[in-house]
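Me: Please walk me through this structure in questions and answers, with the criteria behind each term stated as it comes up.

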Amino acid sequence: MINIEFNGQAQSLDAELNIEQLLALHLQAPEGIAVVLNGNIVTRSEWASTKLADQAKVRVFRAIAGG
């Protein structure tokens with residue numbers, strides 16, 4: 001089990017997940033999303049290969065159109 005922080009909320013995961021799996025777990029559609037892991041932007045092409053470690057801090061931002 002690992003413990004992470006997802007958008008400021010503590011969360012325990014049964015298994016080590018990658019970012020793509022974490023987003024699916026939280027029902028986050030990948031369109032228009034930016035992911036920051038431990039203060040570093042993770043490009044969409046890296047989501048499947050980026051595993052979450054214990055104490056990881058993940059922030060998800062959704063682009064909003066408009067002025």
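Reply: Buried means under 20% relative accessible area, exposed means over 50%, and partly exposed lies in between, with a 1.4 Å probe and protein chains only. This is a predicted model, in which local features need pLDDT of at least 70 and side-chain atom pairs count only at pLDDT 80 or more, while totals for chains, interfaces and linings use all residues. Residues are numbered from 1 along each chain as its sequence is written, and side-chain values use heavy atoms, with hydrogens and water left out.

Me: Is glutamine 21 buried, partly exposed or exposed?
Reply: Glutamine 21 sits in helix H1, where helices (H or I, at least four residues) and strands (E, at least two) are DSSP runs numbered from the N terminus. Its relative accessibility is 39%, so glutamine 21 counts as partly exposed.

Me: What average pLDDT does the protein have?
Reply: The pLDDT is the predictor's confidence in each residue, from 0 to 100. Among the elements, H1 has the lowest mean, 93, and strand S4 (residues 40–42) the highest, 97. Of the residues, 99% score at least 70, and the protein averages a pLDDT of 92.

Me: In what order do the five strands lie in the open sheet?
Reply: Two strands are taken to pair if DSSP finds at least two bridges between them. The pairing in this open sheet of five strands is mixed, and the order is S2-S1-S5-S3-S4. The edge strands, each pairing on one side only, are strand S2 (9–13) and S4.

Me: Which residue in S2 is the bridge partner of isoleucine 2?
Reply: S1 and S2 pair in the antiparallel sense over five bridges, and they form a hairpin with two residues between them. Within this pairing, the S2 partner of isoleucine 2 is leucine 13.

Me: What is the phi of asparagine 7?
Reply: Asparagine 7 is placed in the loop between S1 and S2, and at 34% relative accessibility it counts as partly exposed. Most residues other than glycine have a negative phi. Asparagine 7, by contrast, has a positive phi, near 50 degrees.

Me: With which side chain does the side chain of glutamine 11 make a polar contact?
Reply: Glutamine 11 lies in strand S2 and is buried, with a relative accessible area of 17%. A polar contact is a pair of N or O atoms within 3.5 Å; within protein, one must be able to donate a hydrogen and the other to accept it, and residues adjacent in sequence count only if both atoms are side-chain atoms. At 2.9 Å, the partner of the glutamine 11 side chain is that of histidine 26.

Me: Which backbone nitrogen does the side chain of asparagine 18 reach?
Reply: Asparagine 18 is in the loop between S2 and H1, and at 8% relative accessibility it counts as buried. Not counting residues up to four places away in sequence, asparagine 18 touches Trp47, Ala48, Thr50, Lys51 and Leu52, contact meaning heavy atoms within 4.5 Å. At 2.7 Å, its side chain reaches the backbone nitrogen of glutamine 21.

Me: Why is S3 described as largely enclosed by the rest of the structure?
Reply: Strand S3 is joined to S5 by five bridges, the two running antiparallel, and alanine 34 stands opposite phenylalanine 61 in S5. S3 also pairs with S4 in the antiparallel sense, over three bridges. S3 is largely enclosed because of its five residues, those that are buried number four.

Me: Which residues touch the most other members of the largest nonpolar core?
Reply: A nonpolar core is a set of buried Ala, Val, Leu, Ile, Met, Phe, Trp, Tyr and Cys residues joined through side-chain atoms within 4.5 Å. The largest has 17 residues, and those touching the most other members are Ile4, Ile19, Val35, Leu52 and Val58. At least two residues of this core come from each of strand S1 (2–6), helix H1 (19–25), strand S3 (33–37) and strand S5 (57–62). Leaving aside neighbours within four places in sequence, one of those named, valine 35, has contacts including Ile19 and Val58.
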